Amino acid sequence: MKTLQDAFQHTLQDIYWAENALLKALPKVAKAVGSAELKQAFDDHLKETKGHVSTLESVFKSLGLKASGEKCDAMAGLLKEADGLIDEAEGHARDVCLIGAAQAVEHYEIARYGTLREWAKVLGHTEAHELLTSILDEEKAANAKLTTLAVTTINGSGSTSKAK
């Protein structure tokens, strides 16, 4: 990469790969949780993620590019961590760990979409800027929903005693 445009396109491919990886991971995560509310939140986010993939395809189109992904090492690591939590944790501990892992994913996405949106603005890609802003707003809302669910329901719904 030698230019901002190169970095923009690379990062766009990175997040496109990440969103597609989430499409595969979210059903497994939803199945692994015990809380019906948390399962619903993951199912809802799966629908939103499908929309994000479609919107990203529109971003690529607005730039005259074919939608393509490049492996996102950060997302691959976050999803690997979630897989490990599914295997290692159980019951309430699994739910609190997975909601935390989901928020790590959301925070990563918020950082990426915020960067992409601003780069699109600087580069004069008005349509891409608007589309990326819409995804960024949805990611922020998803994070807020997870925070609310964690602090009002999930974090306090299990035993607070230490395992023996």
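Buried means under 20% relative accessible area and exposed over 50%, with partly exposed in between (1.4 Å probe, protein chains only). Residues are numbered from 1 along each chain as its sequence is written, and side-chain values use heavy atoms, with hydrogens and water left out. What you're looking at is a predicted model: local features need pLDDT of at least 70, side-chain atom pairs count only at pLDDT 80 or more, and totals for chains, interfaces and linings use all residues.

**View 1. Lysine 66, out in the loop between α2 and α3.**
Is lysine 66 buried or exposed? With 72% relative accessibility, lysine 66 counts as exposed. Its C-alpha atom sits 13 Å from that of serine 54, 12 residues away along the chain.

Helices (H or I, at least four residues) and strands (E, at least two) are DSSP runs, numbered from the N terminus. Reading from the N terminus, the elements go α-α-α-α-α. The radius of gyration (taken over C-alpha atoms) is 17 Å, close to the 15 Å from the globule rule for 164 residues, so the protein is as compact as a globular protein of that length. That rule is 2.2 Å times the number of residues to the power 0.38. Along the principal axes, the C-alpha atoms fill a box of roughly 55 × 25 × 20 Å. Of the 164 residues, 42% count as buried. Contact means heavy atoms within 4.5 Å, and residues 24 or more positions apart make up 79% of the contacts with a separation of 6 or more.

**View 2. The largest nonpolar core, 27 residues.**
A nonpolar core is a set of buried Ala, Val, Leu, Ile, Met, Phe, Trp, Tyr and Cys residues joined through side-chain atoms within 4.5 Å. Which members touch the most other members? They're Phe8, Leu12, Ile15, Leu56, Met75, Tyr113 and Leu132. At least two core residues come from each of α1 (4-32), α2 (36-62), α3 (73-88), α4 (91-123) and α5 (126-154). Helix α1 gives the most, with 8 residues. There's also a second, separate core of 19 residues, with Leu46, Leu146, Ala150 and Ile154 among them.

**View 3. Isoleucine 15 and its contacts.**
Skip residues up to four places away in sequence, and isoleucine 15 touches Leu56, Tyr108, Glu109, Arg112, Tyr113 and Leu116. Isoleucine 15 is also one of the core members that touch the most others.

**View 4. Tyrosine 16, in helix α1.**
Tyrosine 16 has 11% relative accessibility, so it counts as buried. Leaving out neighbours within four places in sequence, tyrosine 16 is in contact with Val53, Leu56, Glu57, Phe60, Ala67, Ser68 and Gly69. Isoleucine 110 is 94 residues apart from tyrosine 16 along the chain, and their C-alpha atoms are separated by 14 Å.

**View 5. Leucine 136, in helix α5.**
Why does leucine 136 count as buried? Because its relative accessibility is 2%. Apart from residues up to four places away in sequence, leucine 136 touches Ile110, Tyr113, Gly114 and Arg117. For one of these, isoleucine 110, the C-alpha atom lies 6.0 Å from that of leucine 136, with the two residues 26 apart along the chain.
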